[in-house]
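Here is a short briefing for a reader who is meeting this structure for the first time. Please look over the sequence and the model before reading on.

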Amino acid sequence: MRQFHHNDLASIFNGLSHPDVIRYYGVSYSNLEETLNQLTWFNDLQKNETDIWWAICDKGNYKFYGAIGFNDLSKIDKKAEIGFWLLPEYWGKGIVKEVADPVCSYAFEKLDLIKIEAMVETENENSKKVLKKIGFDYQKTMKNYEIKYDRFISLEIYAKLKTNVNDMI
C-alpha cells in the first residue's frame, strides 16, 4: 500500500467507471477529468486528518489493484468506517484480506481507534464475505436507509473492535 500518485489517475478511472465496481460503491466517473477530483480528494484527506485512503498495489508498487481506507474518522469517538474496492480482475485473490489486516492494525495502534465499522448494501454478498474473513462481526441491518438510483436500499453494519476495549475505558 502507498499514498496515491498522479500516475494512478487512469487506474482509478478504470475502477470507478466499471459497472461491477460502482454497483455498490456509490461513486462513479465518466471521464479522466472528473476522476482527477477523486485523486485530489484522496490526497487531501490525509492532510485534513478527516479520512485516510491508500492505493493497493503489488509489492513493487507498480501494478495498481484498488483502494482501501477510512471515512468518517473520529478521534473523539475513536472510530472510523472502512471502505475498499478492487479492479474486477483482482477479485477473489485474497488481496483485500492481505491489506486489511495491516490497515486495521494501523487504525488501532497508530490512530488509537477502538472501533472500525463497515456499512454494506444488503445485496453486496462479496463485501460481506470479505468483512467476515477479516474479522468483522455483523451488527444490524438498517432497512430502507438511503436512496440510491431512485430506490431505497438497506445497509448492513459490520464492526471490528480493538481487543481489550473495556480495559481502556
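The points below cover the fold, the overall dimensions, the surface and the cysteines.

The model is predicted. The protein chain has 169 residues, with 5 helices and 6 strands. Its radius of gyration, 16 Å, agrees with that of a compact globule.

**Fold**
- Starting at the N terminus, the order of elements in the protein chain is α-α-α-β-β-β-α-β-α-β-β.
- Among contacts with a separation of 6 or more, 55% join residues 24 or more positions apart.

**Dimensions**
- A compact globule with 169 residues would have a radius of gyration near 15 Å, so the 16 Å of the protein chain agrees with such a globule.
- Along the principal axes, the C-alpha atoms of the protein chain fill a box of roughly 50 × 40 × 30 Å.

- Of the 169 residues in the protein chain, 45% are buried.
- The protein chain exposes about 9,800 Å², and carbon and sulfur atoms supply 48% of this area.

**Cysteines**
- The structure holds 0 disulfides.
- Cys57 is in no disulfide, and the nearest cysteine sulfur, that of Cys104, is 18 Å away.
- Cys104 is likewise in no disulfide.
- A disulfide requires two cysteine sulfur atoms within 2.5 Å.
- Cys57 counts as buried because its relative accessibility is 10%, where the cut-off is under 20%.
- Cys104 is buried too, with a relative accessible area of 1%.

Technical notes: Residues numbered from 1 in each chain as written. Predicted model: local features only at pLDDT ≥ 70, side-chain atom pairs only at ≥ 80, totals over all residues. Heavy atoms only, no water. Helix = DSSP H or I, 4+ residues; strand = E, 2+ residues; numbered from the N terminus. Rg over C-alpha atoms; globule rule 2.2 N^0.38 Å. Buried < 20%, exposed > 50% of the residue type's maximum accessible area, 1.4 Å probe, protein only. Contact = heavy atoms within 4.5 Å. Areas by Shrake-Rupley, 256 points an atom, 1.4 Å probe, with all protein chains shown as cover.
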